[in-house]
Structures are given as C-alpha cells and as structure tokens.
Amino acid sequence: MVMKENRREIYLTALVLLALYLSLAENFIPKPFPWMKIGLSNIAVLIALEKFDSKLAIEVVLLRIFIQALMLGTLFTPGFIISLSAGGATTLFMVGLYKFRKYLSLLAISSLSAFLHNLIQLIVVYFLIFRNITLYSKSIMMFVWGFLAIGVVAGIITGFIGEKLNLRRGNKL
C-alpha cells in the first residue's frame with residue numbers, strides 16, 4: 001500500500017510539474033491578447049484522466065493553479081479567482097464528459113471544455129470587473145464570440161496533442 005501511495009505521489013508531482021512547465025512555456029507563444037493562452041497545461045489533465053483517474057486530474061489542476069499563483073505572486077487576485085473558478089468548474093465538466101470516453105475523443109472533450117472554460121472566465125470577469133457595463137453593444141458581442149471561438153480552437157489543439165500522445169488506457173495507479 002505504501003509503495004502504491006508513493007507511486008501516486010510521484011505521478012501527481014510529475015503531472016503538476018508538466019502542467020506548470022507547459023503553462024510557463026505558453027508565455028513564449030505569440031497571442032492576440034496578452035492574457036490569452038492555448039491551455040497547454042490541460043495536456044497534463046488529459047494525461048491524468050486518460051492514464052489514471054478523475055481525482056488525480058482534479059488534484060493536478062488545483063495544485064497547478066495554487067502553485068502558479070504562489071510563484072507569480074497573484075494568489076487571491078482577480079486573475080487567480082478567474083483561473084480557479086474556470087479551471088475548477090471546467091475540470092469537473094471534463095471529468096463528467098470523460099465518463100462518455102467510449103463515445104468522445106480527447107479532441108471533443110478538450111474543445112467542449114475549452115469553450116466552457118472561456119465562457120466561465122467571461123462570466124466571472126463580468127461580475128468581478130464589468131458588472132456596470134451593458135453587454136448589448138456590437139463590439140462587445142464580437143469580442144465575446146471571438147474569445148469563445150479562439151477557446152474552441154485552443155481546445156482542439158490541446159486535444160489533438162493529447163490524442164497524438166497515444167496514451168495506453170487501463171494502466172491505472
């Protein structure tokens with residue numbers, strides 16, 4: 001039992017480090033907006049779901065968000081709140097979708113989750129910062145739909161990478 005716990009902790013540490021590294025590496029990829037990311041750290045979550053279990057995937061996301069916030073000095077800032085709420089909810093959604101893995105590809109799971117992630121981010125940003133602004137202008141709606149579309153494209157990229165990793169299934173901790 002102790003050996004199995006040690007292996008689980010090693011895999012958890014490796015996946016959190018992978019997620020942190022991929023999140024950091026994304027800063028070197030050109031983006032249309034400074035805050036926008038592809039979400040490469042979600043590859044670690046896909047690996048945890050595909051290779052291990054949903055509990056490990058949730059732990060990877062939460063640890064990555066908290067450790068990254070500690071490293072960047074952004075703990076309990078609006079950015080942290082946005083990341084935690086969107087990342088947490090999206091991971092739970094991803095776990096729910098993963099129950100239908102027999103029918104859904106990682107690409108589908110990733111793109112649907114990316115759409116939800118961006119939608120939750122927009123909702124949280126609205127309530128944290130912009131709740132006194134009307135949303136009925138054409139430019140705001142163009143931004144919202146563009147942001148959601150970019151999220152889906154990013155999710156497709158992440159899911160494609162996850163599919164190409166060709167992880168072996170059934171080899172649980």
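Leaving aside its neighbours within four places in sequence, with which residues is Val45 in contact?

1. **Val45.** The model is predicted. In it, Val45 is in contact with Ala57, Val60, Val61, Thr91 and Met94, once neighbours within four places in sequence are set aside. Val45 is also listed with the residues that have the most contacts inside the largest nonpolar core.

2. **The largest nonpolar core.** This core comprises 28 residues. Besides Val45, the residues with the most contacts inside it are Leu15, Ala48, Leu49, Leu56, Val60 and Met94. At least two residues come from each of helices H1 (2-25), H2, H3 (54-72), H4 and H5. The greatest contribution is that of H2, which gives seven residues. In soluble globular proteins, nonpolar side chains tend to be buried together.

3. **The second core.** A separate core of five residues is also present, and Leu122, Val144, Phe147 and Leu148 are among them.

4. **Burial of helix H2.** Nine of the 10 residues of H2 are buried, and the helix is therefore largely enclosed by the rest of the structure. The buried residues are Ile43, Ala44, Val45, Leu46, Ile47, Ala48, Leu49, Glu50 and Lys51. The list thus includes Glu50 and Lys51 because each falls under 20% relative accessible area, the cut-off for burial.

5. **Packing of H2 against H4.** Helix H2 (residues 42-51) packs with helix H4 (residues 78-98) at an angle of about 35°, and their axes lie 11 Å apart. The crossing of these two helices is right-handed. On the H2 side the contact is made by Val45, Leu46, Leu49 and Glu50, and on the H4 side by Thr91, Met94, Val95 and Tyr98. Of the residues in this contact, six are nonpolar, one is polar and one is charged.

6. **Glu50.** This residue of helix H2 has a relative accessible area of 4% and is therefore buried. The side chain of Glu50 makes a polar contact with the side chain of Arg101, at 3.0 Å. Between Glu50 and Ser83 the separation is 33 residues in sequence and 23 Å in space, C-alpha to C-alpha.

7. **Ser111.** Is Ser111 buried or exposed? Ser111, located in helix H5 (residues 106-128), is buried because its relative accessible area is 13%, below the cut-off of 20%. A polar atom of the Ser111 side chain lies 3.2 Å from the backbone oxygen of Ala108. Leaving aside neighbours within four places in sequence, Ser111 is in contact with Val152, Gly155 and Ile156.

Notes
Residues are numbered from 1 along each chain as its sequence is written. This is a predicted model: local features need pLDDT of at least 70, side-chain atom pairs count only at pLDDT 80 or more; totals for chains, interfaces and linings use all residues. Side-chain values use heavy atoms; hydrogens and water are left out. Buried means under 20% relative accessible area, exposed over 50%, partly exposed in between (1.4 Å probe, protein chains only). A polar contact is a pair of N or O atoms within 3.5 Å; within protein, one must be able to donate a hydrogen and the other to accept it, and residues adjacent in sequence count only if both atoms are side-chain atoms. Contact means heavy atoms within 4.5 Å. Axes are lines fitted to C-alpha atoms, for helices over the stretch in contact, and angles run from 0 to 180 degrees between N-to-C directions. A crossing is left-handed if the near helix is turned anticlockwise from the far one by less than a right angle, and right-handed if clockwise. Ala, Val, Leu, Ile, Met, Phe, Trp, Tyr, Cys and Pro count as nonpolar, Asp, Glu, Lys and Arg as charged, and the others, Gly among them, as polar. A nonpolar core is a set of buried Ala, Val, Leu, Ile, Met, Phe, Trp, Tyr and Cys residues joined through side-chain atoms within 4.5 Å.
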